[in-house]
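Good morning, everyone, and thank you for making the time.

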Amino acid sequence: MISRFTTWISKLFSNFSQKKTMKLGIYGPPNSGKTTLANKICQDWLGQNLGSVSPIAHETREVQIKESLSIKSKDGRELVFNLVDTPGIATRIDFEDFLKAGMSEGKAKKRAREATKGVIDAIKWLDEMDTVLVVLDATSDPYSQVNITIIGNLAARNIPVLVVANKTDLRKSNLKKVQAAFPQYEVIGISAKYGKNVDELYETLFKLANR
Amino acid sequence: MVTLHFVPYTDIEALSSIGRIRHLLNFAKQNKIVLLQGRLRKEEEAELIKVTMEEINKEFRGIELAVINPTQTAEDTLSKLKYDFLGMILGDRSGLTIIGPASVVKAISKDPHKIELYTQEVKRKRRR
């Protein structure tokens, strides 16, 4: 109750300082393509990557920020934000999964240790976000509790959400299933890897940020 | 052998958020699948994930979590209204939360119509 009140007070005061740069968070489960999307956005508008990507889960284990990123809409509007790429949120982390992916025991244990800290950091950062892209793997089960918990927490904090169904270039992807799982949210299908539909994502961002 | 542990909502009702989380997580750490009557608050669900991450070690690899919320599974407006009304009366008592230790529960697959829980054998170390 007290924390809700303090959050409300801090949000109220932050609204007075309109000059504050919007924080756009990228959240989602591990391996959904969050950093691939962050890299695509940074490549499109800055010509550089934000972080490394890997087929092995939990490649991003620290919150990565690109400050003052400016994007332009088709009709010339500008949106400036700090892009915050977060580690994938998971409820289980087993170093043996990394061993199976071919890592040495030492590296697997270190990755697991860092990954647990990454999840904790990602959750701590929830309160800092102004708008969030929830990136889901369109080939996976959208009803996973992690997805529902992330979106539910953002809704509880009144943070605007855009659900991004990534990997629509893959045959197994099912955009309609993601849309059916989150009927109260706008869901946009993209392929961050190949840049498919990313322009539509940028236009939707302007709507979401009320610019 | 799989152990299911039912926790009535009254067991956690008077506890603080962190008290609820510790209470439920303690059962999961004993390799029991927890069936909680009702739901945690959304913030508590995130906190549960956070505390789980803090507790991960050689023996405890995390949890599988699934929450059944009747309001979300209602398909037509009438049943949604009915469950919304029941939700107003029952609060977080309605629904069901399943928390399974990752060493026992391989995965929980959920869609609006069914929940499937896949278990795996717990690896036990032999005592010499």
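Let me start with helix 3 of chain B, which covers residues 42–55, and please keep in mind throughout that what we are looking at is a predicted model. This helix has 14 residues and reaches 20 Å from its first C-alpha to its last, which is close to the 20 Å expected at 1.5 Å a residue.

Which residues of helix 3 of chain B are buried? They are Glu44(B), Glu45(B), Ala46(B), Leu48(B), Ile49(B), Thr52(B) and Met53(B). The cover over these buried residues includes elements from both chains, namely helix 4 (105–124) and helix 5 (145–156) of chain A, together with helix 2 (17–29) and strand 3 (63–68) of chain B.

That brings us to the contact between the chains, to which chain B gives 21 residues and chain A gives 17 residues. On the side of chain B that touches chain A, helix 3, strand 3 and strand 5 (105–111) of chain B each supply at least two residues, and the largest share, nine residues, comes from helix 3 of chain B. Sorted by class, that side of chain B has nine nonpolar, three polar and nine charged residues.

Turning now to chain A, we find six strands that form an open sheet in the order 2-3-1-4-5-6, with mixed pairing. Strand 2 (64–72) and strand 6 (187–189) of chain A each have a single partner strand, so they stand at the edges and one side of each is left without a neighbour in the sheet. On average, and ignoring direction, neighbouring strands of this sheet are turned by 25° against each other.

Within the sheet, strand 1 (residues 22–27) and strand 4 (residues 131–137) of chain A pair in the parallel sense over four bridges, and Gly25(A) has Val132(A), in strand 4 of chain A, as its bridge partner.

Terms used: Residues numbered from 1 in each chain as written. Chains lettered and ligands numbered in written order. Predicted model: local features only at pLDDT ≥ 70, side-chain atom pairs only at ≥ 80, totals over all residues. Expected span 1.5 Å × (residues − 1). Buried ≥ 20, exposed ≤ 12 C-beta atoms within 10 Å, placed from the backbone. Contact = placed C-beta atoms within 7 Å. Pairing = 2+ DSSP bridges. Axes fitted to C-alpha atoms, helices over the stretch in contact; angles between N-to-C directions. Nonpolar A, V, L, I, M, F, W, Y, C, P; charged D, E, K, R; others polar.
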